[in-house]
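Me: I'd like to go through a model with you. Can you put it up, and tell me what your terms stand for as we go?

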Amino acid sequence: MERARSFGAVAEDYERYRPGYPESLVALVSEVADGPVRRAIEIGAGTGKATRTFAGAGIEVVATDPDAEMLTVLRRECAGLPVTTVRAALEDLDPADHQPFDLLYAAAAWHWTAPETRWDRAAALVRDGGAVAFFGGPFELADDEVAAVEKEMIAAYAPEGRHLPPPSPPDAPMLFPGDEMLADDRLRDVRQWEVRRRFVLAREDYLRHLDTISAIRILPDAGRSALFADLAAGLPEQVEVRADLMLHTARRVSGSASDSQSPHSGSRPPA
Ligand SMILES: C[S@@+](CC[C@H](N)C(=O)[O-])C[C@H]1O[C@@H](n2cnc3c(N)ncnc32)[C@H](O)[C@@H]1O
(Lines give C-alpha, C1' and ligand atoms only; values in the text may rest on other atoms or scores of the structure.)
Protein backbone atom coordinates (compact mmCIF):
# COMPACT_ATOMS: atom_id res chain seq x y z
CA MET A 1 0.00 0.00 0.00
CA GLU A 2 1.30 3.47 -0.88
CA ARG A 3 1.85 5.56 2.27
CA ALA A 4 0.14 8.69 0.95
CA ARG A 5 -3.03 6.66 0.24
CA SER A 6 -3.01 4.59 3.45
CA PHE A 7 -5.43 6.74 5.47
CA GLY A 8 -8.85 5.93 4.01
CA ALA A 9 -8.89 2.41 5.42
CA VAL A 10 -8.87 3.91 8.92
CA ALA A 11 -10.92 7.04 8.24
CA GLU A 12 -13.22 6.51 11.26
CA ASP A 13 -10.31 5.83 13.63
CA TYR A 14 -8.48 8.80 12.16
CA GLU A 15 -11.46 10.98 12.97
CA ARG A 16 -11.84 9.58 16.46
CA TYR A 17 -8.25 9.39 17.66
CA ARG A 18 -6.48 12.30 16.00
CA PRO A 19 -6.85 15.70 17.68
CA GLY A 20 -8.33 18.74 15.96
CA TYR A 21 -6.60 22.08 15.40
CA PRO A 22 -6.80 25.17 17.62
CA GLU A 23 -9.00 28.12 16.65
CA SER A 24 -6.02 30.44 17.21
CA LEU A 25 -4.69 29.31 13.81
CA VAL A 26 -7.47 31.16 12.00
CA ALA A 27 -6.44 34.58 13.34
CA LEU A 28 -2.72 33.90 12.79
CA VAL A 29 -3.32 32.87 9.20
CA SER A 30 -5.93 35.51 8.33
CA GLU A 31 -3.58 38.34 9.36
CA VAL A 32 -1.11 37.25 6.69
CA ALA A 33 -3.45 38.15 3.81
CA ASP A 34 -4.07 41.61 2.43
CA GLY A 35 -7.80 42.09 2.73
CA PRO A 36 -10.39 39.73 4.15
CA VAL A 37 -10.17 35.96 4.04
CA ARG A 38 -13.63 34.77 2.97
CA ARG A 39 -12.85 31.80 0.71
CA ALA A 40 -10.23 29.12 1.26
CA ILE A 41 -9.10 25.93 -0.41
CA GLU A 42 -7.77 23.13 1.75
CA ILE A 43 -5.40 20.51 0.34
CA GLY A 44 -5.46 16.98 1.82
CA ALA A 45 -8.40 17.82 4.08
CA GLY A 46 -8.82 14.22 5.27
CA THR A 47 -11.75 13.87 7.66
CA GLY A 48 -11.99 17.64 8.00
CA LYS A 49 -10.21 18.29 11.28
CA ALA A 50 -8.78 21.59 10.06
CA THR A 51 -11.76 22.21 7.77
CA ARG A 52 -13.96 22.59 10.87
CA THR A 53 -11.54 25.05 12.42
CA PHE A 54 -11.62 27.40 9.41
CA ALA A 55 -15.22 26.85 8.29
CA GLY A 56 -16.34 27.16 11.93
CA ALA A 57 -14.93 30.71 11.85
CA GLY A 58 -17.18 31.53 8.88
CA ILE A 59 -14.67 31.01 6.06
CA GLU A 60 -16.09 29.20 2.99
CA VAL A 61 -13.83 26.19 2.50
CA VAL A 62 -13.39 24.02 -0.58
CA ALA A 63 -12.02 20.87 1.06
CA THR A 64 -10.02 18.66 -1.32
CA ASP A 65 -8.58 15.18 -0.83
CA PRO A 66 -7.93 12.21 -3.13
CA ASP A 67 -9.39 9.70 -0.67
CA ALA A 68 -13.13 8.95 -0.96
CA GLU A 69 -13.41 7.40 2.53
CA MET A 70 -11.78 10.38 4.22
CA LEU A 71 -14.13 12.74 2.37
CA THR A 72 -17.20 10.71 3.40
CA VAL A 73 -16.31 11.28 7.05
CA LEU A 74 -15.49 14.93 6.34
CA ARG A 75 -18.93 15.58 4.81
CA ARG A 76 -20.62 14.07 7.86
CA GLU A 77 -18.46 15.97 10.37
CA CYS A 78 -18.72 19.29 8.54
CA ALA A 79 -22.49 19.16 7.98
CA GLY A 80 -23.99 22.62 8.44
CA LEU A 81 -20.69 24.41 7.85
CA PRO A 82 -19.83 26.40 4.68
CA VAL A 83 -17.85 23.52 3.15
CA THR A 84 -17.87 21.94 -0.31
CA THR A 85 -15.72 18.96 -1.24
CA VAL A 86 -13.64 18.01 -4.27
CA ARG A 87 -12.14 14.56 -4.57
CA ALA A 88 -8.69 15.25 -5.99
CA ALA A 89 -5.02 15.20 -5.14
CA LEU A 90 -3.35 18.60 -5.49
CA GLU A 91 -1.77 17.34 -8.72
CA ASP A 92 -5.21 16.72 -10.22
CA LEU A 93 -6.77 20.06 -9.29
CA ASP A 94 -7.19 22.42 -12.22
CA PRO A 95 -6.79 26.03 -11.01
CA ALA A 96 -8.92 27.13 -14.01
CA ASP A 97 -11.94 25.46 -12.34
CA HIS A 98 -11.84 27.93 -9.45
CA GLN A 99 -11.86 31.65 -8.77
CA PRO A 100 -8.55 32.36 -6.99
CA PHE A 101 -8.93 31.89 -3.24
CA ASP A 102 -8.06 34.25 -0.38
CA LEU A 103 -6.26 31.39 1.36
CA LEU A 104 -4.77 27.99 0.53
CA TYR A 105 -3.87 25.79 3.48
CA ALA A 106 -2.92 22.22 4.27
CA ALA A 107 -2.77 20.38 7.60
CA ALA A 108 -0.40 17.42 7.89
CA ALA A 109 -0.68 16.92 4.13
CA TRP A 110 1.66 19.20 2.15
CA HIS A 111 4.58 16.73 2.37
CA TRP A 112 2.46 14.23 0.38
CA THR A 113 2.15 16.56 -2.62
CA ALA A 114 4.49 16.48 -5.63
CA PRO A 115 7.46 18.84 -5.06
CA GLU A 116 7.79 19.51 -8.80
CA THR A 117 4.36 21.10 -9.13
CA ARG A 118 3.01 22.07 -5.70
CA TRP A 119 4.14 25.72 -5.67
CA ASP A 120 2.89 26.42 -9.20
CA ARG A 121 -0.46 24.91 -8.24
CA ALA A 122 -0.58 26.90 -4.97
CA ALA A 123 0.33 30.16 -6.71
CA ALA A 124 -2.35 29.62 -9.35
CA LEU A 125 -5.04 28.90 -6.75
CA VAL A 126 -4.45 32.00 -4.56
CA ARG A 127 -5.25 35.64 -5.41
CA ASP A 128 -2.68 38.40 -5.32
CA GLY A 129 -2.34 39.36 -1.64
CA GLY A 130 -3.91 36.11 -0.45
CA ALA A 131 -2.28 33.79 2.07
CA VAL A 132 -0.84 30.29 2.15
CA ALA A 133 -0.50 28.31 5.37
CA PHE A 134 0.86 24.87 6.16
CA PHE A 135 0.80 23.26 9.58
CA GLY A 136 1.36 19.95 11.30
CA GLY A 137 3.87 18.16 13.44
CA PRO A 138 4.71 14.83 14.98
CA PHE A 139 2.58 13.28 17.70
CA GLU A 140 5.16 11.70 19.98
CA LEU A 141 5.70 10.45 23.51
CA ALA A 142 6.97 13.25 25.71
CA ASP A 143 8.85 11.03 28.19
CA ASP A 144 12.25 10.22 26.65
CA GLU A 145 12.56 6.82 28.34
CA VAL A 146 9.10 5.69 27.26
CA ALA A 147 9.78 7.05 23.77
CA ALA A 148 12.99 4.98 23.58
CA VAL A 149 11.08 1.80 24.49
CA GLU A 150 8.51 2.56 21.81
CA LYS A 151 11.18 3.36 19.22
CA GLU A 152 12.92 0.03 19.76
CA MET A 153 9.66 -1.91 19.51
CA ILE A 154 8.60 -0.13 16.32
CA ALA A 155 12.07 -0.60 14.76
CA ALA A 156 11.66 -4.38 15.07
CA TYR A 157 8.74 -4.24 12.61
CA ALA A 158 9.24 -0.96 10.75
CA PRO A 159 13.02 -0.39 10.43
CA GLU A 160 12.51 3.12 9.02
CA GLY A 161 10.67 4.16 12.17
CA ARG A 162 7.34 5.93 12.44
CA HIS A 163 8.25 9.28 10.91
CA LEU A 164 8.93 10.20 7.32
CA PRO A 165 12.37 11.75 6.98
CA PRO A 166 11.99 15.57 6.80
CA PRO A 167 11.96 16.62 3.13
CA SER A 168 14.39 19.48 3.87
CA PRO A 169 18.13 19.26 4.48
CA PRO A 170 19.17 19.79 8.14
CA ASP A 171 20.97 23.06 7.31
CA ALA A 172 17.96 24.59 5.49
CA PRO A 173 17.12 28.16 6.62
CA MET A 174 13.66 27.01 7.80
CA LEU A 175 11.95 23.73 8.46
CA PHE A 176 9.88 22.21 5.65
CA PRO A 177 8.02 23.70 3.86
CA GLY A 178 9.32 27.11 4.97
CA ASP A 179 12.59 26.51 3.10
CA GLU A 180 10.72 25.88 -0.16
CA MET A 181 8.53 28.94 0.47
CA LEU A 182 11.60 31.16 0.98
CA ALA A 183 12.91 30.01 -2.41
CA ASP A 184 9.70 30.97 -4.26
CA ASP A 185 9.50 34.62 -5.37
CA ARG A 186 5.69 34.48 -5.49
CA LEU A 187 5.61 34.23 -1.69
CA ARG A 188 6.50 37.09 0.68
CA ASP A 189 6.85 37.46 4.44
CA VAL A 190 7.46 33.77 5.00
CA ARG A 191 7.12 33.05 8.70
CA GLN A 192 7.51 30.01 10.92
CA TRP A 193 5.47 29.75 14.12
CA GLU A 194 5.28 27.10 16.81
CA VAL A 195 2.05 26.34 18.62
CA ARG A 196 2.61 24.25 21.76
CA ARG A 197 0.30 21.28 22.34
CA ARG A 198 0.42 18.57 25.01
CA PHE A 199 -2.04 15.74 25.61
CA VAL A 200 -2.35 13.06 28.29
CA LEU A 201 -3.89 9.91 26.83
CA ALA A 202 -4.83 6.42 27.96
CA ARG A 203 -2.39 3.93 26.40
CA GLU A 204 -5.22 2.36 24.40
CA ASP A 205 -6.15 5.71 22.80
CA TYR A 206 -2.51 6.51 22.06
CA LEU A 207 -2.13 3.14 20.32
CA ARG A 208 -5.28 3.71 18.25
CA HIS A 209 -3.77 7.02 17.18
CA LEU A 210 -0.48 5.31 16.32
CA ASP A 211 -2.40 2.88 14.12
CA THR A 212 -3.50 5.81 11.92
CA ILE A 213 0.12 6.72 11.08
CA SER A 214 1.17 5.75 7.55
CA ALA A 215 4.40 3.94 8.56
CA ILE A 216 2.31 1.63 10.76
CA ARG A 217 -0.65 1.34 8.36
CA ILE A 218 1.54 -0.14 5.63
CA LEU A 219 2.88 -2.99 7.83
CA PRO A 220 1.56 -6.48 7.06
CA ASP A 221 -1.39 -7.39 9.36
CA ALA A 222 0.56 -10.02 11.33
CA GLY A 223 3.44 -7.63 12.01
CA ARG A 224 1.07 -4.87 13.03
CA SER A 225 -0.79 -7.09 15.49
CA ALA A 226 2.49 -8.31 17.01
CA LEU A 227 3.77 -4.73 17.30
CA PHE A 228 0.60 -3.58 19.08
CA ALA A 229 0.78 -6.54 21.49
CA ASP A 230 4.38 -5.55 22.34
CA LEU A 231 3.41 -1.89 22.80
CA ALA A 232 0.37 -2.73 24.95
CA ALA A 233 2.67 -4.73 27.22
CA GLY A 234 5.53 -2.24 27.21
CA LEU A 235 3.98 1.23 27.53
CA PRO A 236 2.53 2.70 30.75
CA GLU A 237 -1.26 2.92 31.18
CA GLN A 238 -1.19 6.67 30.59
CA VAL A 239 1.15 8.57 28.31
CA GLU A 240 1.99 12.21 27.82
CA VAL A 241 2.16 13.25 24.19
CA ARG A 242 4.03 16.17 22.65
CA ALA A 243 2.11 17.40 19.61
CA ASP A 244 3.51 20.87 18.93
CA LEU A 245 2.33 22.32 15.65
CA MET A 246 4.74 23.99 13.27
CA LEU A 247 2.97 26.60 11.16
CA HIS A 248 4.39 28.27 8.04
CA THR A 249 2.63 31.24 6.47
CA ALA A 250 3.28 33.61 3.56
CA ARG A 251 1.51 36.13 1.36
CA ARG A 252 1.11 35.48 -2.36
CA VAL A 253 2.41 38.31 -4.53
CA SER A 254 2.09 38.53 -8.30
CA GLY A 255 4.27 40.03 -11.01
CA SER A 256 7.29 37.85 -10.23
CA ALA A 257 9.34 35.93 -12.80
CA SER A 258 7.72 32.65 -11.72
CA ASP A 259 4.28 34.02 -12.57
CA SER A 260 5.04 33.68 -16.25
CA GLN A 261 5.34 29.90 -15.83
CA SER A 262 2.36 27.71 -16.50
CA PRO A 263 0.62 26.32 -13.42
CA HIS A 264 0.79 23.01 -15.23
CA SER A 265 4.55 23.02 -15.69
CA GLY A 266 6.59 20.26 -14.08
CA SER A 267 6.04 16.55 -14.18
CA ARG A 268 3.53 14.30 -12.44
CA PRO A 269 4.84 12.21 -9.55
CA PRO A 270 5.19 8.50 -10.21
CA ALA A 271 1.87 6.70 -9.65
C1 LIG B 1 -2.21 12.81 7.53
S2 LIG B 1 -3.67 13.06 6.58
C3 LIG B 1 -4.15 14.72 7.10
C4 LIG B 1 -5.64 14.93 7.03
C5 LIG B 1 -6.14 16.26 7.62
N6 LIG B 1 -5.62 17.40 6.87
C7 LIG B 1 -5.77 16.37 9.08
O8 LIG B 1 -4.89 17.17 9.42
O9 LIG B 1 -6.34 15.63 9.89
C10 LIG B 1 -3.01 13.36 4.96
C11 LIG B 1 -4.10 13.53 3.90
O12 LIG B 1 -3.45 13.91 2.68
C13 LIG B 1 -4.11 13.27 1.62
N14 LIG B 1 -3.20 13.22 0.46
C15 LIG B 1 -2.28 12.27 0.14
N16 LIG B 1 -1.66 12.61 -1.01
C17 LIG B 1 -2.17 13.81 -1.41
C18 LIG B 1 -1.93 14.68 -2.53
N19 LIG B 1 -1.02 14.38 -3.46
N20 LIG B 1 -2.67 15.81 -2.63
C21 LIG B 1 -3.59 16.13 -1.68
N22 LIG B 1 -3.84 15.35 -0.59
C23 LIG B 1 -3.14 14.20 -0.47
C24 LIG B 1 -4.49 11.89 2.18
O25 LIG B 1 -5.57 11.30 1.45
C26 LIG B 1 -4.87 12.25 3.61
O27 LIG B 1 -6.26 12.48 3.77
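Reply: A residue is called buried if 20 or more other C-beta atoms lie within 10 Å of its own, exposed if 12 or fewer, and partly exposed in between, with C-beta atoms placed from the backbone. Helices (H or I, at least four residues) and strands (E, at least two) are DSSP runs, numbered from the N terminus. The model is predicted: local features need pLDDT of at least 70, side-chain atom pairs count only at pLDDT 80 or more, and totals for chains, interfaces and linings use all residues. Residues are numbered from 1 along each chain as its sequence is written.

Me: Start with H4. Which of its residues are buried?

Reply: In helix H4 (residues 68-77), Met70, Leu71, Val73 and Leu74 are buried. They are on the same side of H4, because they cover an arc of only 160 degrees around the axis. That arc is taken from the directions from the helix axis to the C-beta atoms.

Me: And what does the face turned away from the buried side carry?

Reply: The exposed residues Ala68 and Arg76. The buried residues of H4 are covered by elements that include helix H1 (11-17), helix H3 (49-55), strand E2 (60-65) and strand E3 (83-87). Contact here is C-beta atoms, placed from the backbone, within 7 Å.

Me: How many residues of H5 are buried?

Reply: 8 of the 8, so H5 is largely enclosed by the rest of the structure. Among those buried in H5 are Arg118, Asp120 and Arg121, along with Trp119. The cover over H5 includes strand E1 (39-43), E4, strand E5 (126-136), H7 and strand E10 (245-252).

Me: Which residues have the most contacts inside the largest nonpolar core?

Reply: Ala40, Leu103, Leu104, Tyr105, Val132 and Ala133, in a core of 56 residues. A nonpolar core is a set of buried Ala, Val, Leu, Ile, Met, Phe, Trp, Tyr and Cys residues joined through C-beta atoms within 7 Å.

Me: What is Leu104 in contact with, leaving aside its neighbours within four places in sequence?

Reply: Leu104 is in contact with Ile41, Ile43, Ala122, Leu125, Val126 and Val132. Another core, of 7 residues, lies apart from the largest one and has Leu141, Ile213, Ile216 and Val239 among its members.

Me: Leu141 again, then. What is its bridge partner in E9?

Reply: Val241. E6 and strand E9 (residues 238-242) pair in the antiparallel sense over 2 bridges, where pairing takes at least two DSSP bridges between the strands. The open sheet has 3 strands in the order E6-E9-E8, with antiparallel pairing. Strand E6 (140-141) and strand E8 (198-202) each have a single partner strand, so one side of each has no neighbour in the sheet.

Me: Change of topic: how many residues surround the ligand?

Reply: 21, the closest being Gly44, Gly46, Ala89, Ala107 and Trp112. The cut-off is a C-beta atom, placed from the backbone, within 6 Å. The shell divides into 13 nonpolar, 3 polar and 5 charged. Ala, Val, Leu, Ile, Met, Phe, Trp, Tyr, Cys and Pro count as nonpolar, Asp, Glu, Lys and Arg as charged, and the others, Gly among them, as polar.

Me: Which peptide bond is cis?

Reply: The one from Phe176 to Pro177, with omega near 0 degrees. Pro177 is in the loop between helix H6 (144-157) and helix H7 (178-182).

Definitions and conventions
Two residues are in contact if their C-beta atoms, placed from the backbone, lie within 7 Å.
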